[in-house]
Amino acid sequence: MNAPLGHTLVRATPAGTAAPTASSTEEESTAASSARERHRLARIRSVTGDPNVRHGHSHLPGGAIQNHDERALLVSVDGGIPSPQTAITDGAARVEHALPSDSELGALLDAGYDQDGLDSACTCDIPPRVSELSRRVETTLSAFLQDGLAKSRRMDVSYPPLWAGLTQALTGGKRIRPRLVLGAYLALAAEDAVSEGAEPAHQTGVAGDPTQTRPAAASTAAATATATAAAAATAAATATATDSLLSALVATAAAQELLHGAFVVHDDIIDGDLLRRGKPNLTGAILAEHPLRESDPARARRDAESSAIIGGDLLLSAAQRHIALLDVDTRIRHRLLDLFDEAVHITAGGEHADVSLAALESGSPTITRILSMTEHKTASYTFSVPLRAGAVLAGADENLLGALDEVARALGLAFQLQDDHLGVFGESARTGKSITADLSSGKNTALVSLARDSTAWPLIVALQHAPESASAAQWEHVRSELVRTGVRERHDALVADATRRAHAATLSPALPPRLRSYLTSVIIELGGRDV
């Protein structure tokens with residue numbers, strides 16, 4: 001019997017068997033090593049398409065969710081979940097986790113996995129397929145923006161610059177949300193439903209061999225012709241249905257990115273930000289071109305924010321339209337619209353809670369309330385809805401969707417907490433984010449909440465009165481104090497706890513092994529990010 005997936009890889013001697021001798025251990029080790037190498041080479045060749053691979057240490061192409069990463073999956077068996085602390089604190093270890101090591105493959109073999117068993121759990125074929133479909137997502141987004149810009153040119157001259165700003169705002173980024181839609185679908189869908197451009201098998205009337213010929217009566221020939229025509233019609237209908245489903249998948253993925261774009265635009269306005277990842281955001285880009293930016297900066301800022309609100313509304317409407325026009329079964333479309341509404345409702349509630357908490361007396365929001373707000377702002381629209389949307393398109397039932405939601409909510413909290421960590425301890429050159437903004441503004445993050453209860457807080461308050469004049473050395477001293485007083489360690493523990501809960505949630509029996517492995521690879525990849 002195959003051991004369950006989702007656990008740390010270990011070796012164990014089955015109960016009731018004699019301990020191996022030194023010679024038998026050496027022979028088994030040699031055999032296992034050979035089997036591991038054969039499996040590793042087979043998997044790399046199957047993904048890269050390179051039959052000339054001669055060693056087993058190449059990273060498989062594509063990351064679980066990010067274009068620029070080169071990692072495969074972590075396949076695991078009995079013994080406990082992978083340590084989230086390792087994934088959080090050591091990016092290099094995370095990359096090694098992504099490609100099964102010799103000891104991991106050996107443990108799988110010891111546990112009774114054969115080649116078919118390993119392949120059924122392997123998700124290393126998903127990243128290249130996600131990358132391929134992601135290009136179609138980019139084409140869809142580009143077509144929407146070009147169409148909007150073309151229509152805007154038939155209206156007031158002030159309208160095209162707004163669309164140009166939207167185009168810039170949607171350019172780049174990790175595309176986490178659409179890639180999760182694609183990944184979840186690919187982890188669940190049947191092989192024949194995701195092979196674009198696959199040619200149907202050649203149909204013949206002679207034992208399936210097109211090279212053979214044989215005399216046949218006229219009636220036999222007619223029957224063969226009829227069967228061939230029917231097979232061709234079936235193949236054509238299947239190809240059309242597959243292409244329609246893939247188009248719906250791509251449109252759904254694009255809708256998630258449009259929704260993200262809308263939320264980002266509105267969130268920046270709420271926070272009063274003019275930059276996003278170190279570059280002018282939509283408000284900042286519009287403000288830079290405003291004719292009153294020098295003579296009446298307050299009026300110019302208000303106008304720029306008003307225009308950005310309109311831009312965010314356009315993206316929000318477009319996201320919903322992409323879902324509403326899907327060429328899928330009505331029940332599926334309604335379910336996806338329900339998910340879209342859920343994402344908007346929960347995220348809006350989280351954003352509103354953030355605004356409300358900011359009005360409270362400093363230090364009064366409990367960390368429990370802050371963590372709840374953090375989860376609502378991020379988890380639903382970034383992880384839960386994209387993953388469940390892909391699963392809905394693959395025909396998932398409600399039990400599976402519920403299990404996905406459990407994983408996603410914990411992962412979403414871990415993701416945002418890690419983002420807050422990078423907002424203080426990250427490198428601006430890599431993240432494109434300020435590493436002083438959260439502290440200088442006293443933003444209601446879990447990290448800032450922990451800092452308020454530390455002896456480092458008076459140092460932060462002193463710099464908050466004149467953040468523009470605070471030197472880099474002063475802020476570095478603050479960060480050192482946050483480390484010395486244990487704030488960073490306590491915050492890392494929160495990240496680790498949320499990550500651990502995400503790993504534990506993948507063990508739900510409602511999640512099939514292939515999806516479980518994909519989710520594990522996503523958790524590990526995001527856990528070690530530094531951007």
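1. Let's start with the secondary structure. The protein chain has 21 helices and two strands. Keep in mind that this is a predicted model. The chain runs to 531 residues, and 47% of them count as buried. If you take the contacts in the chain with a separation of 6 or more, residues 24 or more positions apart account for 75% of them.

2. Now have a look at two helices that pack together, H13 and H14. Two packed helices are described by the angle between their axes and the distance between the axes. Helix H13 covers residues 367–393, and its axis lies 7 Å from that of H14, at an angle of about 135°. That angle makes H13 oblique to H14, because angles over 145 degrees would be needed for roughly antiparallel. The crossing of H13 with H14 is right-handed.

3. Who does the touching there? On the H13 side, the contact includes Leu371, Thr374, Phe383, Leu387 and Val392. On the H14 side, Leu400, Leu404, Ala408, Phe415 and Leu417 are among the residues involved. Sorted by class, the contact of H13 with H14 has 14 nonpolar, five polar and four charged residues.

4. A second pair to find on screen is H8 (residues 176–188) with H21 (residues 513–527). Their axes come within 8 Å and cross at roughly 155°. So H8 counts as roughly antiparallel to H21, the cut-off being over 145 degrees. The handedness of this crossing is right-handed.

5. Which residues of H8 meet H21? They are Ile176, Arg179, Leu180, Gly183, Ala184, Leu186, Ala187 and Leu188. Their partners in H21 are Arg514, Leu515, Tyr518, Val522 and Leu526. In this contact of H8 with H21, ten residues are nonpolar, one is polar and two are charged.

6. On to the charged side chains. Side chains of opposite charge can pair when their charged atoms come close. The structure holds 23 salt bridges. Some of these link up: Asp267, Asp268, Arg276, Glu351, Asp354 and Lys377 belong to one network of salt bridges.

7. Buried or exposed, or something in between? Arg299 has 37% relative accessibility, so it counts as partly exposed. Asp303 is partly exposed too, at 23%.

8. Next comes the salt bridge of Arg331 with Asp329, where N and O are 3.1 Å apart. Arg331 counts as exposed because its relative accessibility is 67%, and the cut-off for exposed is over 50%. Asp329, with a relative accessible area of 36%, is partly exposed.

9. Finally, check Asp419 and Lys433, a salt bridge whose closest N and O atoms are 3.0 Å apart. This pair links distant parts of the chain, 14 residues apart. Asp419 belongs to helix H14 (residues 398–425), while Lys433 is in the loop between helix H15 (428–431) and helix H16 (437–441). Is Asp419 buried or exposed? Its relative accessibility is 13%, so Asp419 counts as buried, the limit for that being under 20%.

How values were computed. Residues numbered from 1 in each chain as written. Predicted model: local features only at pLDDT ≥ 70, side-chain atom pairs only at ≥ 80, totals over all residues. Heavy atoms only, no water. Salt bridge = Lys/Arg side-chain N within 4 Å of Asp/Glu carboxyl O. Buried < 20%, exposed > 50% of the residue type's maximum accessible area, 1.4 Å probe, protein only. Helix = DSSP H or I, 4+ residues; strand = E, 2+ residues; numbered from the N terminus. Axes fitted to C-alpha atoms, helices over the stretch in contact; angles between N-to-C directions. Parallel < 35°, antiparallel > 145°, perpendicular 65-115°, else oblique. Left-handed = near helix turned anticlockwise from the far one by under 90°. Contact = heavy atoms within 4.5 Å. Nonpolar A, V, L, I, M, F, W, Y, C, P; charged D, E, K, R; others polar.
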